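Dear colleague,

Here is the structure you will be working with, followed by an account of what was found in it. Please read the notes alongside the coordinates.

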Amino acid sequence: MSNYYSAITSSLYVYSPLTNGFYPRELRDVYDDAGSWPDDGVAVSDVVYREYQTLPPPEGKVRVAGTDGLPAWADIPAPSVAELKAEATAMLSALMAKANAAIAPLQDAVDIDDATEAERASLTAWKKYRIALNRLDLSAAPDIAWPAYPF
């Protein structure tokens, strides 16, 4: 027990379950001056610091504060509905930008009556794609039936 205690008391780091972060003891004065030294800090061994701060997490895991107030590995949580909707919105914006970029020169060729039949067909396909994108219900994320990309 005394070896464990001396290892902890000589620890160079404190772990805060509230912030899920590590703080170097040698910088305590700086943190105190900034009013950000954690009140809930727990001294941790260098082994714990290395495992949870310097090494990459195990695949599919993220560092969390364990029930004992020390760092622990937990499964990465599934994205929230709001996160899924945000991803869908970003995807829609990117796909619309691609569609708009593809449509513009094709539309120019049609407008000046210089489009080939292949360009006219491509323009129609891209416009149908853009309409399909515009009609998507993003509130159904992640279960969105994305339209096929026109090639």
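The chain contains 5 helices and 5 strands, where helices (H or I, at least four residues) and strands (E, at least two) are DSSP runs numbered from the N terminus. Read from the N terminus on, these elements follow the order α-β-β-α-β-α-β-β-α-α. The radius of gyration of the chain, taken over C-alpha atoms, is 27 Å, well over the 15 Å that the globule rule gives for 151 residues, so the chain is more spread out than a compact globule; the rule itself is 2.2 Å times the number of residues to the power 0.38.

Before going further, please note that this is a predicted model, in which local features need pLDDT of at least 70 and side-chain atom pairs count only at pLDDT 80 or more, while totals for chains, interfaces and linings use all residues. Residues are numbered from 1 along each chain as its sequence is written, and side-chain values use heavy atoms, with hydrogens and water left out.

On the overall form, the C-alpha atoms fill a box of roughly 85 × 30 × 25 Å, taken along the principal axes. Of the 151 residues, 27% count as buried, which is to say under 20% relative accessible area, with exposed being over 50% and partly exposed in between (1.4 Å probe, protein chains only). Among contacts (heavy atoms within 4.5 Å) between residues at least 6 apart in sequence, 45% join residues at least 24 apart.

Turning to the sheet, three strands form an open sheet in the order β2-β1-β3, with antiparallel pairing, two strands being counted as paired if DSSP finds at least two bridges between them. The edge strands are β2 (21-24) and β3 (42-44), each of which pairs on one side only. Neighbouring strands of this sheet are turned by 40 degrees against each other on average, direction ignored; axes here are lines fitted to C-alpha atoms, for helices over the stretch in contact, and angles run from 0 to 180 degrees between N-to-C directions. Strand β1 (residues 13-16) is joined to β2 by 4 bridges, and the two run antiparallel, with Ser16 standing opposite Gly21 in β2. Helix α3 (residues 46-54) packs on the sheet and touches β1, β2 and β3, its direction making about 130 degrees with that of β2.

Finally, Leu55 lies in the loop between α3 and β4 (61-65), and at 49% relative accessibility Leu55 counts as partly exposed. Leu55 and Ser36 are 19 residues apart in sequence, and their C-alpha atoms are 25 Å apart in space.
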